Amino acid sequence: MYKQLFLAYLCLISVLNSHVLCAQVAIEPYIGYSIDLNNKDKLSLFNAGLQVPVINKPFYQMLVMAEGGFPLDSGTGESTAYTPNPLLPLTAKVESRTKLNARTFGLLHRWKPVEWGSGNSLSVFIKLAFTNQHIKVVYKEFNEVNYTIFNPRSTLNYSGLIGGGGIQFNRVLGAGTFFAQLNAAYPLLEPREKNYHFKLIVPLSINTGYAINLTKKKTNEKQ
Amino acid sequence: MRSNKIILLLLVAGVVSCSKNETVFYKDDRSEPLAVFSDDGNNVMSCYLNGKPFVTVERKLYYGLLSTGSQELSIKLLAFQSMDSDTLRISWYSRYSSIDMVLAIKKEFRVGDLNDFSGERISLDGTNGYFKYDGQKGTGHVYFHTIMVDRNDDIGIRGRISGLFEATGASFQITKGRFDHSLNDRILTF
């Protein structure tokens, strides 16, 4: 089902991209920081992404976005392992490290309801995207033959749809536009396999970037 | 004719069982495909039996006239007048076989006495207890991480049991055994 949805998504985007050939071409690279709101473990990401408007009207834009999230803080944890063998100590402490990665590809719908001063504006947007969230758990070496970890952390791998939205501040700066956005996203589907320790990531992101116009508007010139 | 069909459909719906699955399975990354070692009342026991995974059946409640249900665990108190001690038998059921753990217990053992095992590691050496699989007895160790049991006149027996075990017999070896169950009157026969 995911493959069919993704192909439909690509077809839609390629149809919409035909508008780009007629419209002003711009790209919006950005970087930022995300923190997960849904798990007790403190997981955070460094974001790097690109937004490209495919429909570009004064009040409304539709953008294709692609974003990579790279682990910033490696969460560390300590678990207790037990053994039924009375010849060994009952418990052993086991340390673990947790890393979060994410990749997202989707569509943004952005509206610009508020403008003020010379080149300042506030936008609101909603997002629908495909994402892959991967929380990798690595345990330090321990006597695994005799000991079993109690309430273990398990690796989580989720691929599916997320939905979200946010607000964006824009300011015309030089030839382009500086922007800063705050947004959050929420997984829309259940994972195929239940994970004992982790819930799906709900990232709260702060990103900043610069929108660059790549083409100039055509002007009517009489020769 | 139409009303007869509706009545027939309702009868079939009443006879056919609706089921509630009371087992929650979380995979253990480090011992696939066994379940995690937990203490949440997930109603599952899993282990390696001769190197192959052994996982208990799901605990299901069936609602309907033809209800049968399935349960992964039974705990029975067997009292013998002629002997110095009674026997506690804990049995885990997979689809095709079962594993028993038999412990010698004091006379006049009560449901509440199970709580004394909580946090204890017990070696079953053949005299104070044993493990049994496929008709063969063996020795081993069990760790009761949590046993919390209570009997109430209104709601009956309620509780939880979790732990680890390992066992060796002439023709079998059990490793990485872990269990996590909720307890009620259907599971505990005292």
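From the N terminus on, the elements of chain B run α-β-β-β-β-β-β-β-β-β-β-β-β-β. That comes to 1 helix and 13 strands.

**Chain B as a whole**
- Chain B averages a pLDDT of 89, and 92% of its residues score at least 70.
- A word of caution for reading any model like this: where pLDDT is low, the predicted coordinates should not be read in detail.
- The C-alpha trace of chain B spans about 70 × 40 × 30 Å along its principal axes.
- Chain B has 190 residues, and buried residues make up 33% of them.
- Among the contacts in chain B with a separation of 6 or more, 55% are between residues 24 or more positions apart.

**The nonpolar cores**
- As background, nonpolar side chains in soluble globular proteins tend to be buried together.
- The largest nonpolar core here holds 43 residues.
- Which residues touch the most other members of that core? They are M45(B), C47(B), I75(B), F131(B), V142(B) and I174(B).
- Take I75(B) for a closer look: leaving out residues up to four places away in sequence, I75(B) touches L88(B), I90(B), I187(B) and L188(B).

**Where the chains meet**
- The contact takes 16 residues from chain A and 19 residues from chain B.
- On the side of chain A that touches chain B, the classes are 8 nonpolar, 5 polar and 3 charged residues.

**Backbone details in the loops of chain B**
- The peptide bond from E32(B) to P33(B) is cis, with omega near -5 degrees.
- Where is P33(B)? P33(B) lies in the loop between strand 1 (18-21) and strand 2 (44-49) of chain B.
- N50(B) is not a glycine, yet its phi is positive, near 50 degrees.
- You can find N50(B) in the loop between strand 2 and strand 3 (52-55) of chain B.
- Is N50(B) buried or exposed? N50(B) is exposed, because 11 other C-beta atoms lie within 10 Å and a residue with 12 or fewer counts as exposed.
- D134(B), also a residue other than glycine, has a positive phi near 55 degrees.
- D134(B) sits in the loop between strand 9 (129-133) and strand 10 (136-152) of chain B.
- With 11 C-beta neighbours inside 10 Å, D134(B) counts as exposed.

**One residue of chain A: I212(A)**
- I212(A) lies in strand 10 of chain A, which covers residues 203-213.
- Why does I212(A) count as partly exposed? I212(A) has 14 other C-beta atoms within 10 Å, so the count falls between the 12 or fewer of an exposed residue and the 20 or more of a buried one.
- Leaving out residues up to four places away in sequence, I212(A) touches A26(A), I27(A) and G176(A).
- I212(A) and A184(A) are 28 residues apart along the chain, and their C-alpha atoms are separated by 24 Å.

Note on methods
Residues are numbered from 1 along each chain as its sequence is written. Chains are lettered from A and ligands numbered from 1 in the order in which they are written. This is a predicted model: local features need pLDDT of at least 70, side-chain atom pairs count only at pLDDT 80 or more; totals for chains, interfaces and linings use all residues. A nonpolar core is a set of buried Ala, Val, Leu, Ile, Met, Phe, Trp, Tyr and Cys residues joined through C-beta atoms within 7 Å. Two residues are in contact if their C-beta atoms, placed from the backbone, lie within 7 Å. Ala, Val, Leu, Ile, Met, Phe, Trp, Tyr, Cys and Pro count as nonpolar, Asp, Glu, Lys and Arg as charged, and the others, Gly among them, as polar. pLDDT is the predictor's confidence in each residue, from 0 to 100. Helices (H or I, at least four residues) and strands (E, at least two) are DSSP runs, numbered from the N terminus.
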